[in-house]
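Hi,

Here is the model I promised to pass on.

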Amino acid sequence: MAQNRFHQGAGPSQRQLRVGELIRRTLSDILLRAEVHDPDLNRHSITVGEVKASPDLKVATAWVLPLGGHDAQDALDALRRNQRELRHLVAKGMNLKYAPELRFRLDETFDRMDDTRRIFADERVRRDVDGEEPDFDGYRANYGDDDDRDDR
């Protein structure tokens, strides 16, 4: 098998990134224009957050989420039902040797961002981020550091 001289490491290659972004844009346009003839799919406004292509570019995994996150499972089921038609429309809109198999997953990025915001809103975390040093007595009271004292 030929070796890629330019790509080193475990991350995706430039070609994978480029093809994934092209599929993302094409799929977003197809869903925006409601080109699939399925009323269940067309009633959802679906955001395509990211598409990752496999190293051989034959499988593309799209992370999707309906607007507002409502009825996410229904939208995902509708996408999976119309997978073949979506694959055909994506292939028609691109210039690739093979039409990639499309797989759909729910995008949980927004949930993780909300969790991160909640963590940073915590008083203890803000104090650590701001660099405020608690007084020594407060440190012992909060973290139980009495056993680690060095009595000389």
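Below is what I found, going from the whole chain down to two single residues.

Some ground rules before the details. This is a predicted model, so local features need pLDDT of at least 70 and side-chain atom pairs count only at pLDDT 80 or more, while totals for chains, interfaces and linings use all residues. Residues are numbered from 1 along each chain as its sequence is written, and side-chain values use heavy atoms, with hydrogens and water left out.

**Overall**

The protein has seven helices and three strands; these are DSSP runs numbered from the N terminus, H or I over at least four residues for helices and E over at least two for strands. Their order from the N terminus is α-α-β-β-α-α-β-α-α-α. Of the 152 residues, 29% are buried (under 20% relative accessible area; exposed is over 50%, partly exposed in between, with a 1.4 Å probe and protein chains only). The accessible surface is about 11400 Å², and carbon and sulfur atoms hold 47% of that (Shrake-Rupley method, 1.4 Å probe; for residues, only the protein chains shown count as cover). If you take contacts (heavy atoms within 4.5 Å) between residues at least 6 apart in sequence, 60% of them join residues at least 24 apart.

**The sheet**

The three strands form an open sheet in the order β1-β2-β3, with mixed pairing (two strands pair if DSSP finds at least two bridges between them). On average, neighbouring strands are turned by 30 degrees against each other, direction ignored. β1 pairs with β2 (residues 59-66) in the antiparallel sense over seven bridges, and Thr47 sits opposite Leu65 in β2.

**Helices on the sheet**

Helix α1 (residues 14-32) lies across β1, β2 and β3 and runs at about 155 degrees to β1. (Axes are lines fitted to C-alpha atoms, for helices over the stretch in contact, and angles run from 0 to 180 degrees between N-to-C directions.) Helix α3 (residues 72-81) also packs on the sheet, touching β1, β2 and β3, and its direction makes about 175 degrees with that of β3.

Which residues of α3 are buried? They are Ala72, Ala75, Leu76, Ala78 and Leu79. Seen down the helix axis, they fall within an arc of 160 degrees, so they line one face of α3 (the arc is that of the directions from the helix axis to the C-beta atoms). Their packing partners are α1, α2 (39-42), β1, β2, α4 (83-92) and β3.

**α1 against α4**

These two helices pack at about 115 degrees, with axes 10 Å apart. On the α1 side, Ile23, Thr26, Leu27, Ile30 and Leu31 meet Leu86, Leu89 and Val90 in α4.

Is Ile30 buried or exposed? At 2% relative accessibility, Ile30 counts as buried. Leaving out residues up to four places away in sequence, Ile30 touches Glu35, Val36, Leu86, Leu89 and Val90. Ile30 and Val90 are 60 residues apart along the chain, yet their C-alpha atoms are separated by 7.7 Å.

Gly93, in the loop between α4 and β3, counts as exposed at 52% relative accessibility. From Gly93 to Thr26 is 67 residues in sequence and 6.6 Å in space, C-alpha to C-alpha.

Cheers
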